[in-house]
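Subject: Structure for your review: charged side chains

Dear colleague,

Please find below the structure that I am handing over to you. My notes on its charged side chains follow, and I would be grateful if you read them alongside the coordinates.

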Amino acid sequence: MLSATANDDHRRTLQAESVNVTEHRARINGERVSYKVHAGFLPVWDDEGHPTATLQYTYYERQGVSDQEKRPLMMSFNGGPGSASVWMHIAYTGPKSLRVDDEGFPIQPYGVKENPYSVLDKTDIVFVNPVNTGYSRVLPGPDGKMPSRSEQQEMFFGVNADIQYLADWINTFVTRYERWRSPKYLIGESYGTTRVAGLALELQNRQWMYLNGVVLVSPTDIGIDRDGPVKAANRLPYFAATAWYHGQLDDDLQSGDLYDLLPKVEEFTINTYLPALAKGAWIDEEEKQEIASQVARYSGLSEEVVLRSNLDIDTAFFWKELLRHEGHTVGRLDSRYKGLDRDDVGERPDFNSELTSWLHSFTPAINYYLREELGVKTDLKYNMFGPVHPWDRSGNNTGENLRQAMAQNPYLQVLVQSGYYDGATNYFDAKYTKWQIDPSGKMKDRLFFEGYRSGHMMYLRREDLELSNQHLREFINNSIPQEGEAAKY
């Protein structure tokens with residue numbers, strides 16, 4: 001039996017600050033790259049200078065760089081809220097990628113492999129786990145007591161609290177690692193796009209830190225309203241992409257390429273479907289029948305189902321209905337994935353088939369990689385999804401904050417990346433968000449969109465892993481001004 005002292009020594013405790021540094025080499029984008037990995041913990045401080053939490057980060061720093069002030073730095077955040085940074089870390093931009101097949105499905109043995117498409121050749125990268133995700137945790141106060149749940153929520157778990165403490169943490173990181181002169185980028189996925197959109201202005205206005213670029217991967221609405229008919233209409237291009245992938249469209253649509261189909265559906269959505277939905281119950285019956293026929297043609301559903309839905313098809317119902325006749329559901333975050341339900345009746349799938357597949361691959365890989373390759377030693381559980389709820393979503397003005405940050409900073413550019421088969425943050429919503437960020441149109445030349453033949457994590461498909469990283473490389477190249485080019489209008 002262990003003594004009381006031994007038990008005390010083996011509690012799941014965490015130092016506020018520590019780091020382990022390892023050295024590596026890889027072939028990336030056709031060249032040999034030497035890099036260091038700083039896998040560590042860095043505190044969040046309160047106004048009195050006490051650590052309130054510690055964030056686990058993984059910092060990839062290319063070696064042999066002679067002019068570090070010109071070397072870009074990219075801060076990477078995932079979403080949820082409550083999701084760790086694991087997803088983009090070991091599947092997208094980092095020098096290691098997940099061991100999956102070329103379409104992104106799990107294979108064994110689990111683990112990671114070299115990522116020859118990583119942007120580490122172009123930019124250093126920091127993967128950050130917000131509080132209660134990954135190994136990041138709240139710390140006891142100066143009195144040794146943990147803050148109450150309500151106190152933690154006020155400090156960390158809300159749209160604006162999250163942005164404020166992460167901006168402070170970024171300041172600490174940039175100062176510690178002497179990166180103030182570097183061109184800086186934020187990349188966020190899913191809810192991480194809400195986070196980085198808000199951080200762009202928070203960093204400028206409260207930390208006096210200016211960015212060159214913000215990348216929104218599979219973005220949320222970032223506080224931009226699209227309820228009602230807009231929300232309903234914007235789903236149709238995603239429905240069409242998914243139906244095309246699964247071979248559920250008429251032969252004339254199915255025989256062409258996805259890129260032949262989508263412009264037709266988008267044009268119908270904006271110019272015909274949206275105005276029809278806006279008419280509600282006062283739509284003419286003949287027009288309603290015509291709309292239902294076209295929506296059915298593009299969605300792969302029956303006219304009867306479209307009419308019973310009053311032309312407004314619920315997304316969860318679509319995941320259940322599209323392949324109901326085959327006994328399958330389709331995935332929420334990536335509709336290329338099929339699921340099996342207990343019953344073929346019902347209004348929504350029993351589970352998200354893509355997420356169970358991803359957890360199958362990612363969880364063993366990140367636990368192995370951090371501990372055995374990067375030397376992070378802790379008995380804490382790595383939270384793929386951590387306890388952060390209830391999340392305070394009030395006061396979400398992050399889209400307007402991003403617009404204001406762009407207006408104040410002529411250097412700042414924005415790239416949106418979306419997968420066509422993402423049903424959670426669909427690609428046409430992402431396009432709509434891009435259109436609405438700057439209603440004046442004065443900054444259109446600094447807003448960009450790229451789409452991919454995959455889902456929410458478009459980088460899981462090997463072809464899109466290569467393409468999306470190349471788009472990041474080009475975005476960074478184009479958003480770094482020429483020497484002597486001033487930030488002015």
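A salt bridge is taken here as a side-chain nitrogen of Lys or Arg within 4 Å of a carboxyl oxygen of Asp or Glu. Please note that the model is a predicted one.

Are the two partners buried or exposed? R473 is buried, because its relative accessibility is 5%, and D121 is likewise buried, with a relative accessible area of 10%.

Salt bridges with shared partners also form a network, whose members are E103, D334, R336, R461, E463 and D464. Within this group, E103 and R336 meet through their side chains at 2.9 Å, N to O. These two residues link distant parts of the chain: E103 is in the loop between β5 and β6, R336 is in the loop between β11 (329-330) and β12 (338-339), and 233 residues separate them. R336 is buried, at a relative accessible area of 4%, while E103 is partly exposed, at 30%.

A further salt bridge joins the side chains of K96 and E114, again at 2.9 Å, N to O. Here the partners come from two strands, K96 from β5 (residues 96-98) and E114 from β6 (residues 112-114), and they are 18 residues apart. K96 counts as buried because its relative accessibility is 10%, under the 20% cut-off for that class. E114, by contrast, has a relative accessible area of 38% and is partly exposed.

One surface feature concerns like charges instead. D284, E285, E286 and E290 gather in a patch of negative charge on the surface. D284 is located in the loop between α9 (258-278) and α10 (285-299), and a relative accessible area of 46% makes this residue partly exposed.

With kind regards

Technical notes: Residues numbered from 1 in each chain as written. Predicted model: local features only at pLDDT ≥ 70, side-chain atom pairs only at ≥ 80, totals over all residues. Heavy atoms only, no water. Helix = DSSP H or I, 4+ residues; strand = E, 2+ residues; numbered from the N terminus. Buried < 20%, exposed > 50% of the residue type's maximum accessible area, 1.4 Å probe, protein only. Patch = residues over 30% accessible without salt bridge, like charges linked within 9 Å, V, L, I, M, F, W, Y side chains within 5 Å. Areas by Shrake-Rupley, 256 points an atom, 1.4 Å probe, with all protein chains shown as cover. Lys, Arg positive; Asp, Glu negative; His and termini not counted. Charge placed at Lys NZ, Arg CZ, Asp CG, Glu CD.
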